[in-house]
Structure formats: C-alpha cells, structure tokens
Amino acid sequence: MKKYYQFEFAKKYLFDKDLYLQNFINDMLCRCYAMFEYKNLPNTIQKQDIEKYLLMFGHCIFTKEKNDFYVFNGDFTGIENVYHRMHKYIVVNVALNLNKEYETENNADCVLIQNDSERQGFFHLFSKYGIMLNDCEISLNMLSVLNRIPYLITSADEKTKSNAELFLNKIKNGDFSIIADNAFLESLKSIPLNNTNNNQINNLMELNQYIKASAFNSIGLNANWNSKRERLNTSEISLNEDSLTPLIENMLYSRQQAIKAINEKYGLNIEVDLSNVWKQKEQEIKTTIADLQDKEKFNDSEKTEKQETTETQEKQETTETQEKQETTEKQETQETQETTENKTDSGTKQGVENENV
C-alpha cells in the first residue's frame, strides 16, 4: 500500500489542536502587526516587539537599561492603588541578566504601555475563535469524508474487518478499490447513513464563515457574514461597520498617551498612528456612517414635508367640504322658503276666489 507521508504530516495542521491554535494566533498577529505605524523608534526596539507584547499580553513597559532603551513584558505585583490597579511591574530578562521591579505610577521608573484601557490584549479573542474554527473545520472534514460512503459496514469476523478497513482507507485516500471475493461480500452488512449530510455541510460552511467574520471584526476588519441566499443591499453591507471603530480608537488612544509620556520622560520624538489600511478603513466607516445619517435626515425631512402636505390637503378638503355643506344648507333653506311662500300664495289666491264665488 502506498504511504502518504506528506499527507499524514499535513493532517497535523488540522487535527493537532495545539498546532492549529498556535498557527491561527500567529496568522492573526501578522494581520495585527500592520495595524499601527511607529516613527523614530530607538534602534534597540522594533515595532513587532511592542505590538506582540501588547496584543498577546495587553501591556509592556518602556524603560532605559545600560544606556539603551528597551520594552519589557512582565507581571504586575504589589498593592493596588486607590483605583484598584497594581502599579509595581516585575521584569525578568535572561539576556540582560535582569530581575527588577519597576514603579509605573507617575512614570517613576518607566512608562507603562497599554494595549487598551483594560490591559486585555487579543490573546483571549484569538484563542476563542481559533478553537471554534478548528472544531468547525474538523467537523467539516469528517462530513466531507463520510459523504463518499452512503453506508456503514459491519463484519462478522476479524478477517472481514481487516479487509473492510483496508477498503475504507483506500476510499478515504481517494483511491478506487475493487472487491473480488464473494465471501467478503457475504460476511458484510451495510447500514444506510442519514441523507442530511449535504444540509449539515452547508450549515458548517455558514458557521465557518461566521466565525472568521467575527474574528476579523474583533480586530477592526469588516468581514460581512450573512445567511441569505441572495445579493445584499447597501444597508446590510454597512450593518456592522459602526461596531468596528470603538476598540481600534481605544487602542490608538492608549498608545498615543504612552508615546506622549515616553517623549516627555526621555526626550524622544516617537510617533504612532494608524497604518494606511486601518486609517482608510476608519475613514470609509466614518464616511459611511455620515452618509447614512444624512440619508436618515433627508428621509425624515421628506416624511415631514409629506406629512405637512397631507395635513394641508386634509385642511383644504375639510374647508371645501364645509363650504359645500354650507352652500347646500343655504340652497335647502332657500328652497324651503320658496316652497313656503308658494304655498302661502296659493292659499291666498284660493281664498280670494272663494270669496268671489
């Protein structure tokens, strides 16, 4: 039997969950490294070092050791301050033979850089979506394999079982197989499988799309997910855009505040801003939101105008109806008076005629 060494090795990237999760986190980190741009950093610090600490752990410190600037990741320790935040920061670095506790409050020994206001980072998001996506893709792989065989096979003896396993392995590897033994066929029984595999595959594909879109949305990239089987309109495409900017703006603000403190403490001229992709995306989102707001205002003004026009028409119709009603009443009153006068005249004439007779 042919050995699929490369195939067997490659399966680890799907079925080895630790390896899959690590690769997923690395892929997401590579996307996030392009989120911010730094200028005028010291030669001993690279942008990737700052961003990896911030994205993975949520915080790091900028300090000066042995006449060079460094960023270190460590852990908070000590007593909380009045706002229940620990301000002592302990760092262990083997390369610099460093084991030191820094005071972060009022930037006494260093400057604390935070990824966001809660010092969370993205590790929890990457881990959650990586696990969900791995389980989904394993299930999708299993269904796609089971879709090759419409029946389950049962055997009565060990020899038949071995032959059946060989047969199934060939099917799994995409090989055609021939059964030439009647005894093998007679000792086998087949159990029909459920015919809903296609629906399950469609559901898993939609779930896969939803998980990926949620992961990208969490880092500020617009990846629309929908379960419609038709084209989307503009409002549906722009539906989730207003939820993308708050986290990115919070991250940018946290970095800008830290860089400002670093420049003031160490006399540097470091700058940080959104990269071109995220800056353009943020501008597009703001433009879209502004357009939607203008459209809503225009629709509201149209509704108001229509309502005023309708009210004016209703008032005019009411006035015309009242005038018609008054005219009708006048005509009826005039006709009644004329009828009464005619009757009076007729009675008078008849009385005169009777007297003459």
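Residues are numbered from 1 along each chain as its sequence is written. In this predicted model, local features need pLDDT of at least 70, side-chain atom pairs count only at pLDDT 80 or more, and totals for chains, interfaces and linings use all residues.

**View A. Helix α3 packs with helix α4.** Helix α3 spans residues 17–33, and helix α4 spans residues 47–57. Helices are DSSP runs (H or I, at least four residues), numbered from the N terminus. The angle is about 125°, with the axes 10 Å apart. That makes α3 oblique to α4 (angles under 35 degrees count as roughly parallel, over 145 as roughly antiparallel, 65 to 115 as roughly perpendicular and the rest as oblique). Contact (heavy atoms within 4.5 Å) is made by I25, L29, C32 and Y33 of α3 and K47, Q48, E51, K52, L55 and M56 of α4.

**View B. Helix α3 crosses helix α5.** Helix α5 covers residues 123–146. The axes of α3 and α5 come within 9 Å and cross at roughly 130°. Therefore α3 is oblique to α5. Contact residues include F24 and M28 of α3, and F126 and I131 of α5.

**View C. The second largest cavity.** Its volume is about 30 Å³. The lining residues are E65, K66, L96 and L98. A cavity is a set of points on a 1 Å grid over the protein atoms alone where a 1.4 Å probe fits but cannot get out; lining residues have an atom within 4 Å of a point. The count comes to 2 cavities of 30 Å³ or more.

How values were computed:
Side-chain values use heavy atoms; hydrogens and water are left out. On a 1 Å grid over the protein atoms alone, a cavity is a set of points where a 1.4 Å probe fits but cannot get out, and a pocket is an open set with protein on both sides within 12 Å along at least five of seven lines; lining residues have an atom within 4 Å of a point. Grid points are joined across faces, edges and corners, and a volume is the space filled by probe spheres set on the points. Axes are lines fitted to C-alpha atoms, for helices over the stretch in contact, and angles run from 0 to 180 degrees between N-to-C directions. Helices (H or I, at least four residues) and strands (E, at least two) are DSSP runs, numbered from the N terminus.
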